[in-house]
Amino acid sequence: VVLDHGTAVWGVVAGNRDGIGISGIAYNADFGLIGNGYDGFEEYPKTISAILEEALLSLKAGDILLIE
């Protein structure tokens with residue numbers, strides 16, 4: 001299912017190193033999600049440029065931006 005793709009990607013990137021399943025390549029990483037704001041209730045979802053701007057403004061030195 002396409003909707004589960006991001007979950008699988010985050011598992012590879014930030015999966016816990018707990019001896020169960022896989023360990024992510026950055027298992028101690030903190031991560032967040034910025035989406036288009038469309039949850040079925042908003043009339044106008046965010047534009048791609050607005051999403052990118054929000055993401056870029058929230059980054060700190062050493063952060064990684066994953067765009068899917």
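Reader: Which residues lie nearest the centre of the largest pocket?

Author: This is a predicted model, in which local features need pLDDT of at least 70 and side-chain atom pairs count only at pLDDT 80 or more, while totals for chains, interfaces and linings use all residues. Residues are numbered from 1 along each chain as its sequence is written, and side-chain values use heavy atoms, with hydrogens and water left out. A pocket is an open set of points on a 1 Å grid over the protein atoms alone, where a 1.4 Å probe fits, with protein on both sides within 12 Å along at least five of seven lines, and lining residues have an atom within 4 Å of a point. The lining of the largest pocket has 26 residues, and those nearest its centre are Trp10, Gly32, Ile64, Leu65 and Leu66.

Reader: Which element gives the most residues to the lining of the largest pocket?

Author: Helices here are DSSP runs of H or I with at least four residues, numbered from the N terminus. The lining of the largest pocket, which has 26 residues, takes two or more of them from helix 1 (5–14) and from helix 2. With five residues, the element that gives the most is helix 2.

Reader: Which side chains meet in a salt bridge?

Author: A salt bridge requires a side-chain nitrogen of Lys or Arg within 4 Å of a carboxyl oxygen of Asp or Glu, and a search of the whole structure finds one. Asp63 is partly exposed, since its relative accessible area is 35%, whereas Lys60 counts as exposed at 60% relative accessibility. At 4.0 Å, N to O, the side chains that meet are those of Asp63 and Lys60.

Reader: How many Å apart in space are Gly24 and Ala14, C-alpha to C-alpha?

Author: Gly24 has its place in the loop between helix 1 and helix 2, and counts as buried because its relative accessibility is 5%. Gly24 and Ala14 are 10 residues apart in sequence, and their C-alpha to C-alpha separation in space is 4.5 Å.

Notes:
Buried means under 20% relative accessible area, exposed over 50%, partly exposed in between (1.4 Å probe, protein chains only).
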